[in-house]
Amino acid sequence: MGVIAWILVGLIAGAIAKALTPGKDPGGLIVTMLIGIVGGLLGGWLGKLIFGVESINGFFHLSTWIAAVVGSVVVLFLYRMVTGRSAR
């Protein structure tokens with residue numbers, strides 16, 4: 001996938017991650033996009049490392065989106081821990 005596709009996946013995956021996790025988060029579109037992009041990359045890397053599968057098959061594959069959303073949720077929780085924000 002290209003850089004533009006990763007940005008689009010990141011935007012959507014970051015928004016889904018914020019919707020799935022309770023609590024308020026600082027930041028707006030930029031923070032959501034960054035969390036989504038980093039989360040998508042993390043999810044894809046962990047999918048390859050742990051399960052030995054090609055989790056990033058293409059923009060329209062379900063495995064790409066699952067990896068991106070799961071990775072984004074993980075990055076969002078880490079972001080909350082670092083910034084001291086709790087899920088309330």
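Trainee: Among contacts in the protein chain between residues at least 6 apart in sequence, what percentage joins residues at least 24 apart?

Mentor: The share is 65%, where a contact means heavy atoms within 4.5 Å. This is a predicted model, in which local features need pLDDT of at least 70 and side-chain atom pairs count only at pLDDT 80 or more, while totals for chains, interfaces and linings use all residues. Residues are numbered from 1 along each chain as its sequence is written, and side-chain values use heavy atoms, with hydrogens and water left out.

Trainee: What makes up the pattern of the protein chain?

Mentor: The pattern along the sequence is α-α-α, with three helices and zero strands. Helices (H or I, at least four residues) and strands (E, at least two) are DSSP runs, numbered from the N terminus.

Trainee: How do you know that the span of helix 3 agrees with its number of residues?

Mentor: The expected span is 1.5 Å times one less than the number of residues. Helix 3 (residues 62-83) has 22 residues, so it should span 32 Å; its end C-alpha atoms are 31 Å apart, which agrees. Just after helix 3, glycine 84 has a positive phi of about 80 degrees.

Trainee: Why is threonine 21 called buried?

Mentor: Buried means under 20% relative accessible area, exposed over 50%, and partly exposed in between (1.4 Å probe, protein chains only). Threonine 21 has 6% relative accessibility, and therefore counts as buried. Of the 88 residues of the protein chain, 36% are buried.

Trainee: Where is threonine 21 found, and which residues does threonine 21 touch?

Mentor: Threonine 21 belongs to the loop between helix 1 and helix 2 (29-51). Not counting residues up to four places away in sequence, threonine 21 touches Val73, Leu76, Phe77 and Arg80.

Trainee: What makes the pair of threonine 21 and arginine 80 a polar contact?

Mentor: A polar contact is a pair of N or O atoms within 3.5 Å; within protein, one must be able to donate a hydrogen and the other to accept it, and residues adjacent in sequence count only if both atoms are side-chain atoms. The side chains of threonine 21 and arginine 80 make such a contact at 3.3 Å.

Trainee: Which residues form the largest nonpolar core?

Mentor: A nonpolar core is a set of buried Ala, Val, Leu, Ile, Met, Phe, Trp, Tyr and Cys residues joined through side-chain atoms within 4.5 Å. The largest has seven residues: Val9, Ala13, Ala17, Trp65, Ala68, Val69 and Val73. Helix 1 (3-20) and helix 3 each give two or more residues to this core, and helix 3 gives the most, with four.
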